[in-house]
Amino acid sequence: VSTQSTWGKITSDKREIASSGEHWESIGFQSADPARDLRGSGIFSIIQLLNLVTKWSGLSSTYFNTATSTNWEFPFALVSINFTFISLKALREHKLNNAITQKKSVMDVMAYFHLGLFNRFHTIWRQKPQRTITEWDTVHQELQYLATHQPKALLMEGIKASTQGSLGSTSHTNSVEFSSF
């Protein structure tokens, strides 16, 4: 897994780029060195981000366009990293066990859960005609609450977003059901 691959998928730039530099900030990393932003969720943050931009390129493109718009700007990569952290917390608290048992894949469930968080965030973030990053804490707290108290809803939202293509996504589900979750 590499930040280079992530860069290429987000920007469509296939050139090899420096592992640190201001260009990383343009896709939403907080610093010029992406490794510094991986704090509590480590390399899994890059895996989740790469999953998002690879499996659901239409959705991620919509999210990235929102992130770079003047009305709803937010740090795309950093938000994804935060959602990875929330996902890992839900996993550690056994909130996703039934879904993992049913699907027989931790990675798939984590990817859908991450997508559900991102999709819900995007919906909330765009409810106002304009937002700034100063509103992040309020929305972030709401998503943390949902991850703890309504994990099934977020997981199902991720599955639904991945299959409906309502924002131009590519379907990639392998018949996901999680009916008894």
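Which helices each supply at least two residues of the lining of the largest pocket? In this predicted model, helices H3 and H4 each do so. The pocket holds about 190 Å³ of space. Its lining is made up of 15 residues, and those closest to the centre of the pocket are Glu25, Gly28, Glu73, Phe74 and Pro75. By type, the lining comprises 9 nonpolar, 4 polar and 2 charged residues.

The interior of the model was examined next. In soluble globular proteins, nonpolar side chains tend to be buried together. The largest nonpolar core contains 52 residues, and within this core Phe76, Phe83, Phe118 and Phe121 touch the most other members. Two or more core residues come from each of helix H1 (3–11), helix H2 (42–55), helix H3 (57–67), helix H4 (76–92), helix H5 (97–103), helix H6 (106–125), helix H7 (136–149) and helix H8 (151–164). H6 provides the largest share, with 11 residues.

The surroundings of Phe76 illustrate how the core is put together. When neighbours within four places in sequence are left aside, Phe76 is in contact with Ile10, Ile27, Gly28, Leu49, Leu52, Val53, Ser60, Tyr63, Phe64, Ala67 and Phe118. Phe118, one of these partners, is also among the core residues that touch the most other members.

Several of the partners of Phe76, including Ser60, Tyr63, Phe64 and Ala67, are also found among the buried residues of H3. The buried residues of this helix are Gly58, Leu59, Ser60, Tyr63, Phe64, Thr66 and Ala67. An α-helix has 3.6 residues a turn, so residues three or four places apart point the same way. The cover over the buried residues of H3 includes H1, H2, H4, H6 and H8.

The loop between H3 and H4 contains Ser69. The side chain of Ser69 reaches back to the backbone oxygen of Thr66, at 2.8 Å. Thr66 is itself one of the buried residues of H3. Ser69 and Val109 lie 40 residues apart along the chain, and 30 Å separates their C-alpha atoms.

Asn51, in helix H2, counts as buried because its relative accessibility is 14%, and the cut-off for burial is under 20%. Apart from residues up to four places away in sequence, Asn51 touches Trp56 and Ala111. Glu157, in helix H8, has a relative accessibility of 15% and therefore also counts as buried. Its side chain forms a polar contact of 3.2 Å with the side chain of Asn119. Beyond residues up to four places away in sequence, Glu157 touches Gly116, Asn119, Arg120 and Thr123.

Backbone angles were then considered. Most residues other than glycine have a negative phi. His94, which is not a glycine, has a positive phi of about 65°. This residue lies in the loop between H4 and H5. Is His94 buried or exposed? With a relative accessibility of 56%, His94 counts as exposed, because the cut-off for that class is over 50%. Lys104 is another residue that is not a glycine and has a positive phi, here of about 60°. Lys104 is placed in the loop between H5 and H6. The relative accessibility of Lys104 is 74%, so this residue counts as exposed.

Note on methods:
Residues are numbered from 1 along each chain as its sequence is written. This is a predicted model: local features need pLDDT of at least 70, side-chain atom pairs count only at pLDDT 80 or more; totals for chains, interfaces and linings use all residues. Side-chain values use heavy atoms; hydrogens and water are left out. A nonpolar core is a set of buried Ala, Val, Leu, Ile, Met, Phe, Trp, Tyr and Cys residues joined through side-chain atoms within 4.5 Å. Buried means under 20% relative accessible area, exposed over 50%, partly exposed in between (1.4 Å probe, protein chains only). Helices (H or I, at least four residues) and strands (E, at least two) are DSSP runs, numbered from the N terminus. Contact means heavy atoms within 4.5 Å. On a 1 Å grid over the protein atoms alone, a cavity is a set of points where a 1.4 Å probe fits but cannot get out, and a pocket is an open set with protein on both sides within 12 Å along at least five of seven lines; lining residues have an atom within 4 Å of a point. Grid points are joined across faces, edges and corners, and a volume is the space filled by probe spheres set on the points. Ala, Val, Leu, Ile, Met, Phe, Trp, Tyr, Cys and Pro count as nonpolar, Asp, Glu, Lys and Arg as charged, and the others, Gly among them, as polar. A polar contact is a pair of N or O atoms within 3.5 Å; within protein, one must be able to donate a hydrogen and the other to accept it, and residues adjacent in sequence count only if both atoms are side-chain atoms.
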